[in-house]
Amino acid sequence: IVILSYNTLDLVLDAVESVRKQYKKELEENQIEIIVVDNASEKDVVDGLEKGLKGLAGVRLIRSTENLGFGRGCNLGMSHSKGEFILFLNSDTRVSDRGLLEMVNFLKTNPKVGILGGRLLNSNGSPQSSAGKFYNLLNLITLLFGGGRMGLSSSSPNDTTSVDWVSGACMMVNKEIFNKIGQFDKNIFMYVEDMELCFRAKKNGYATFYYPKVSISHKEQGSSNREFAVVNIYKGILYFFKKHKTGLEYQIARFLLWFKALVVYLLGRLTNNSYYTNTYGQALKIFK
């Protein structure tokens, strides 16, 4: 289990403790290991991690000298792992059952499934959209102009089913397949790297499945802020289209993202909404 840390001491310690409550025996018997990767947090955070994790069975702390972002940080944690299967788990999640073992069994019995996503829940217990379709121009339009809020671009299926992509907040991979398809793309700092990984898995003949028989509570953007998220989602979408789509599709996607950012920025100026002006002002700088 790889958990990233970046100035989120309490979240990380709570996430680790939630795993330990459910899997104490497996951790003590080396059937499960927890690898916390610190992405060059402030000194007091690192000191707190070292103190809080010290002596815990099956738990290791890996310190990076730079902030690698989500994908590269996960790759680093994976490189120190011993397991056949790797679970990437956000620091703002809480494990509340033993369904992770069933996820392992599912991957063992389905060797052509390379990636398996768990069921994420909001703080009120409602299902959180954590699976979706690969981005194309139609999906992008839907996402940018309100469809995401209506659940048209992502969902939380009721049954175990094949999907295009699953959220990296709770993503289990077959380590051998993960390495074979190239791990997380190091050029994506944070956001969209989960979808891009699943896209490459499919191109290499491996399926991605959504597995609802595990419950993981997830505080969305608990480890980042909304402005940071919007800007990096924009960057991730642009990179995905440039890498995997035609030049024309990339240019159209670029225009759509620019247009959405401009409209919301101008709306913020008209309504004196500092969130809109700050966030989408930063997003517009991507296109300069």
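Where is the place of Gln183? Gln183 is in the loop between helix H6 (175-180) and helix H7 (193-203). The close-up views below are taken from a predicted model.

View 1. Gln183 in the loop between H6 and H7. The phi angle of Gln183 is near 60°, which is a positive value in a residue other than glycine. Asn7 in the loop between strand E1 (2-5) and helix H1 (9-28). Phi of Asn7 is near 55°, again a positive value in a residue other than glycine.

**View 2. The aromatic pair of Phe178 and Phe184**. A search of the whole structure finds 16 aromatic pairs. One of them joins Phe178 and Phe184, whose rings are edge-to-face, with 5.5 Å from centre to centre and 70° between the planes. Both Phe178 and Phe184 are buried. Together with Phe70 and Phe88, these two residues form one aromatic cluster.

**View 3. The aromatic pair of Phe240 and Phe241**. Here the arrangement is edge-to-face, with the centres 6.0 Å apart and 85° between the planes. Phe240 is buried, as is Phe241.

**View 4. Lys112 and the ring of Tyr206**. The charged end of Lys112 sits over this ring. The distance from the charged end of Lys112 to the centre of the Tyr206 ring is 4.5 Å.

**View 5. The second largest pocket**. This pocket holds about 510 Å³ of space. It is lined by 21 residues, and the closest to its centre are Gln31, Ile32, Glu33, Gly83 and Phe85. Strand E3 (59-64), strand E4 (85-89) and helix H4 (99-109) are the elements that give two or more residues to the lining. Of these, H4 gives the most, with four residues. By residue type, the lining divides into 11 nonpolar, five polar and five charged residues.

**View 6. Phe209 and its contacts**. Phe209 lies in strand E12, which spans residues 207-218. Leaving out residues up to four places away in sequence, Phe209 touches Phe106, Val113, Ile115, Leu116, Gly117, Thr160, Thr161, Ser162, Val163 and Val166. Phe145 is 64 residues from Phe209 along the chain, and the C-alpha atoms of the two are separated by 27 Å.

**View 7. Lys235 in helix H8**. Helix H8 covers residues 226-244. Lys235 has a relative accessibility of 44% and counts as partly exposed. Lys235 and Tyr191 are 44 residues apart in sequence, and their C-alpha atoms are 8.6 Å apart in space.

How values were computed: Residues are numbered from 1 along each chain as its sequence is written. This is a predicted model: local features need pLDDT of at least 70, side-chain atom pairs count only at pLDDT 80 or more; totals for chains, interfaces and linings use all residues. Side-chain values use heavy atoms; hydrogens and water are left out. Rings of Phe, Tyr and Trp (its six-membered ring) pair if their centres lie within 6.5 Å; planes under 30 degrees apart count as stacked, over 60 as edge-to-face and the rest as tilted. Buried means under 20% relative accessible area, exposed over 50%, partly exposed in between (1.4 Å probe, protein chains only). A charge sits over a ring if NZ of Lys or CZ of Arg is within 6 Å of the ring centre and within 35 degrees of the ring normal. On a 1 Å grid over the protein atoms alone, a cavity is a set of points where a 1.4 Å probe fits but cannot get out, and a pocket is an open set with protein on both sides within 12 Å along at least five of seven lines; lining residues have an atom within 4 Å of a point. Grid points are joined across faces, edges and corners, and a volume is the space filled by probe spheres set on the points. Ala, Val, Leu, Ile, Met, Phe, Trp, Tyr, Cys and Pro count as nonpolar, Asp, Glu, Lys and Arg as charged, and the others, Gly among them, as polar. Contact means heavy atoms within 4.5 Å.
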